[in-house]
Structures are given as structure tokens and as C-alpha cells.
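Let's take a walk through this protein together.

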Amino acid sequence: MKKLLLTTALAAVALSGTSFAEIKITGNLEESITSHSYDKAADQHKGTSAIGSEANVAFSGSKTLTNGLVVSGAIRLENKGATTGVDQKSFKITSGNFSTELGIDTGSNIDGNMVATVGQQAEDVMGGFHTTTGYATNQSNLKASINTMAHDREHIGFEYNAGIAKISLNYAPDLTATNGANAVTDAGGSALEYLVAGSFGVPGLNAKIGRQVTTADDTSKAGTAGGDKKETLIGATYTMGKFTVGYSTRDNDDETSTTEVDTVKNISVGFNVSDNVSVAVERMTASKIGQAVDEELTLLGVSYNMGGLGVEAYYGTASDLGGVSGADGKSYQLRTIFAY
């Protein structure tokens, strides 16, 4: 009888979700037209262009429990190309300044560089140079880190808000894929991601320093010879009136490889022309072990915000792609974001 009553009570909670917490629905539609061209006469025919789209719908809710704890949850559905699925999910318990979270693609992390931008970073707009048939041989990959990030897999995260900064830690015991309930898979190595981010008491400052350590297991080698991978991010943006400047450096090390991207550096400046118009320029440099020259990307972006609809235009140049001298190219992109 007690078991039956307990089961009935749990079913009642599950079926009365709308009374448990207010559900919020948000989303956005992204459309883009992107074109890459190559400067070498022998490779000009390899230029590419495409229309792309992405749609996101997110459901979120929160509730203060009888003991004062705040429970919140969220899922985000993403459609990209012909694939639709749960791209992000979060289950979070907060008590004062401390929180514990389980989920995928959620929580504070070291992903993304500290950049003054109008929307897209150089690695987003120009990352296609590393997936097209242009200079595909021996290219570094500016868009992806050498690690599968802990926060992108099923992980548990802890965060303490100290006011001037947040101290965060994410741990993923399995990096192979996302798991269903009652999963026991543990075959892809593990990752520990930790960082400190905040203003540190300086108005206008947004700084971040963090590292991820990826450890191999018996069936998946984290480094070339099974050693640990380490990825470190140090960066900051600083806003002064209408100007924002940014700088970050990302260092990768898998202990033994002689081919990975060693260091990526970004420097950027943004300016708010008005409440609706912004411009930004970013310079990105990738150094790779064994390369004679560095790969460099420069991106100029302009955005116009019409309140719910954003329009962005980008022009970028690439020099010495993949560390190959003279392997240059250009990028153009027009992008719209409709948020609701």
C-alpha cells in the first residue's frame, strides 16, 4: 500500500508540471548566406557559398521548494540542416550563492574566446575554410579545440558566486556521447573543466581564466601516446563608454603531438555607433607546431538591431591558411537573427 501511494504521488507531480513551475518558451531563427573565395589562381574554382539556417526552441522553468532551495530546469531543441534534437538540457539546484547542475552544453565554461564582437567571431564566419575543398590539406582547425569539452557531454557542475567572480567546475566521466537514463557507459575518457570568471571588482571588465584536462581511458587515447590533453584560456574584455576591447589566448597541449594548433590569440575592438548600430574588428592568429608561418584571420562586422530582429554583415580575410604561405582567402556573410 505504501509503495502504491508513493507511486501515485510521484505520478501526480509528473502530470501536474504546469502547477509545479511556470514554463517559459523562447527561441530564435537564424538565416545566413556565406561565401568563401580563394586567392590563388589555381584554386579560385574551389570557392564555395551556401544558404544556411538554424532554429532553436527552449523551454525553461523554476520553483522555490519548501526548504528554500531553488530548482530550475531547461531544454533546448535545435534544428540544424536535416537534424532536430535536444541540443541543451539542464537540471540545477541553487542555494544562496552555490549551485549544482547536471546537463549537456550548459554552465560556465572555457568554450569561446573573449572577443568584442557584433555577433559572430572569426572562427564562426571563417571556420568553413577548414571544411571545404579549398586548402583542406594540413589545415589547423580554428573552430574546434583539441578537447571534447566537459560541459558538452553529460556532466555535473558546481559553481560559487563570490560577487566579483564566479568559481566553476565541470566534470564529465564519459566523453563518447550523450547518455540515456540508467547509463553505465564509460569508454571515452573523462574531462575536468575549471575556471574563474567575472569583473574582479573593476567596472566594465569581464575576465576569464580556466583550463580543461582530458584524461585517456583504456580504449580512447587523449593524447598521441595516451597522455593527458590540456587546454588553457586566459582572456578579458573591457568596456569604456561606447568602446569595447578584447584579448584572449588559448593554449593547447596533448604532450606528444607535433601537429596540433599550439596557440590561438585574439585581439578585437568594438564600437557602438548608436543604440541600434555596432561595428567590430577582430584579428585572430593561430600558431601550429612545426609550421613556418602563422595562420591569420581578420574579420570586420556590422550589426543593426531592430528590436527582435538583428541583421549582421561580415567581411573577412584569411592569410596563410593551415600555415601554408600564400594560401589566402576571403569571406562574406549576411546573417539575420529573429528572437521570440
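Start with L300, which is partly exposed because its relative accessible area is 43%; buried means under 20%, exposed over 50%, and partly exposed in between, using a 1.4 Å probe and protein chains only. L300 sits in strand β14. Strands here are DSSP runs of E with at least two residues, helices are runs of H or I with at least four, and both are numbered from the N terminus.

Before going on, a word about what you're looking at. This is a predicted model, where local features need pLDDT of at least 70 and side-chain atom pairs count only at pLDDT 80 or more, while totals for chains, interfaces and linings use all residues. Residues are numbered from 1 along each chain as its sequence is written, and side-chain values use heavy atoms, with hydrogens and water left out.

The elements giving two or more residues to the patch are β10 (229–240) and β11 (243–253).

Now step back. The protein has three helices and 16 strands, and 37% of its 340 residues count as buried. Its accessible surface comes to about 17800 Å², with 59% of that belonging to carbon and sulfur atoms; the areas come from the Shrake-Rupley method with a 1.4 Å probe, and for residues only the protein chains shown count as cover.

What about the inside? In soluble globular proteins, nonpolar side chains tend to be buried together. Here the largest nonpolar core has 16 residues, of which M126, F129, L297, L299 and A318 touch the most other members. Such a core is a set of buried Ala, Val, Leu, Ile, Met, Phe, Trp, Tyr and Cys residues joined through side-chain atoms within 4.5 Å. At least two residues each come from α3 (122–125), β13 (277–288), β14 (295–305) and β15 (309–319), and β13 supplies the largest share, three residues. There is also a second, separate core of five residues, including I110, M149, L195 and A197.

Next, the aromatic rings. The whole structure holds four aromatic pairs, meaning Phe, Tyr or Trp rings (the six-membered one for Trp) with centres within 6.5 Å; planes under 30 degrees apart count as stacked, over 60 as edge-to-face and the rest as tilted. One of them joins F98 and F158, whose centres are 6.4 Å apart with planes at 20 degrees, so the pair is stacked. F98 is in strand β5 and F158 in strand β6 (residues 155–161), so the pair ties together parts that are 60 residues apart in sequence. F98 is partly exposed at 40% relative accessible area, and F158 is partly exposed at 34%.

Is S99 buried or exposed? S99 counts as buried, because its relative accessibility is 8%. Beyond residues up to four places away in sequence, S99 touches K92, I93, T94, G157, F158 and E159, where a contact means heavy atoms within 4.5 Å.
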